[in-house]
Amino acid sequence: MLTALTFAAALVVGLVVTPLVRVFAHRRGLLDEPDGRKVHRVPIPRLGGIAMAIAFGVAIGGATLADPDLGSTL
């Protein structure tokens, strides 16, 4: 049950945080611009890993709080 809740938490946080990080990257100009060596044709935000790391951290942190024995396992 804890595994399903941890997955759900990561999914929800990822779905919420990803668009926010995308907007932030566009506003700050943190984009990977297309050129001759790249496949994409439009600028792509470079901060996608930040959203994934936040979702992972929130999910693992919540699971650790829900099950204190999990912290010693990790």
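# Close-ups of a predicted model

Lys38 comes out as partly exposed, with 30% relative accessibility (buried means under 20% relative accessible area, exposed over 50%, and partly exposed in between, using a 1.4 Å probe and protein chains only). Before the views, some ground rules: this is a predicted model, where local features need pLDDT of at least 70 and side-chain atom pairs count only at pLDDT 80 or more, while totals for chains, interfaces and linings use all residues. Residues are numbered from 1 along each chain as its sequence is written, and side-chain values use heavy atoms, leaving out hydrogens and water.

**View 1. Asp32, Lys38 and Arg46 are tied together in a network of salt bridges.** A salt bridge here is a side-chain nitrogen of Lys or Arg within 4 Å of a carboxyl oxygen of Asp or Glu. The whole structure has 2 salt bridges. In the one between Asp32 and Lys38, the closest N and O atoms are 2.8 Å apart. In the one between Asp32 and Arg46, that spacing is 3.7 Å. This second pair links distant parts of the chain: Asp32 is in strand E1 and Arg46 is in the loop between E2 and H2, 14 residues apart (helices, H or I with at least four residues, and strands, E with at least two, are DSSP runs numbered from the N terminus). Asp32 counts as buried because its relative accessibility is 18%, whereas Arg46 is exposed at 58%.

**View 2. Asp35 sits in the loop between strand E1 (31-32) and strand E2 (44-45).** A polar atom of the Asp35 side chain lies 3.0 Å from the backbone nitrogen of Arg37. That's a polar contact: a pair of N or O atoms within 3.5 Å where, within protein, one must be able to donate a hydrogen and the other to accept it, and residues adjacent in sequence count only if both atoms are side-chain atoms. Asp35 is partly exposed, at 42% relative accessible area. From Asp35 to Leu5 you'd go 30 residues in sequence and 42 Å in space, C-alpha to C-alpha.

**View 3. The largest nonpolar core has 7 residues.** They are Val13, Val17, Val21, Ala25, Leu47, Ala51 and Ala55. Such a core is a set of buried Ala, Val, Leu, Ile, Met, Phe, Trp, Tyr and Cys residues joined through side-chain atoms within 4.5 Å. H1 and helix H2 (48-66) are the elements giving two or more residues to this core, and H1 gives the most, with 4. Val21 touches Leu47 and Ala51, leaving out residues up to four places away in sequence.

**View 4. Thr6 is a buried residue in helix H1.** Its relative accessible area is 17%. The Thr6 side chain reaches the backbone oxygen of Leu2 at 2.8 Å. Apart from neighbours within four places in sequence, Thr6 is in contact with Ala59 and Ala63.

**View 5. Phe7, Leu11, Val12, Leu15, Val16 and Leu20 form a nonpolar patch on the surface.** Together they have about 630 Å² of accessible area. Val16 belongs to helix H1 (residues 2-28) and is partly exposed at 49%.

View 6. With 73% relative accessibility, Arg27 counts as exposed. Arg27 and Leu11 are 16 residues apart in sequence and 25 Å apart in space, C-alpha to C-alpha.

Note on methods
Patch = residues over 30% accessible without salt bridge, like charges linked within 9 Å, V, L, I, M, F, W, Y side chains within 5 Å. Areas by Shrake-Rupley, 256 points an atom, 1.4 Å probe, with all protein chains shown as cover. Contact = heavy atoms within 4.5 Å.
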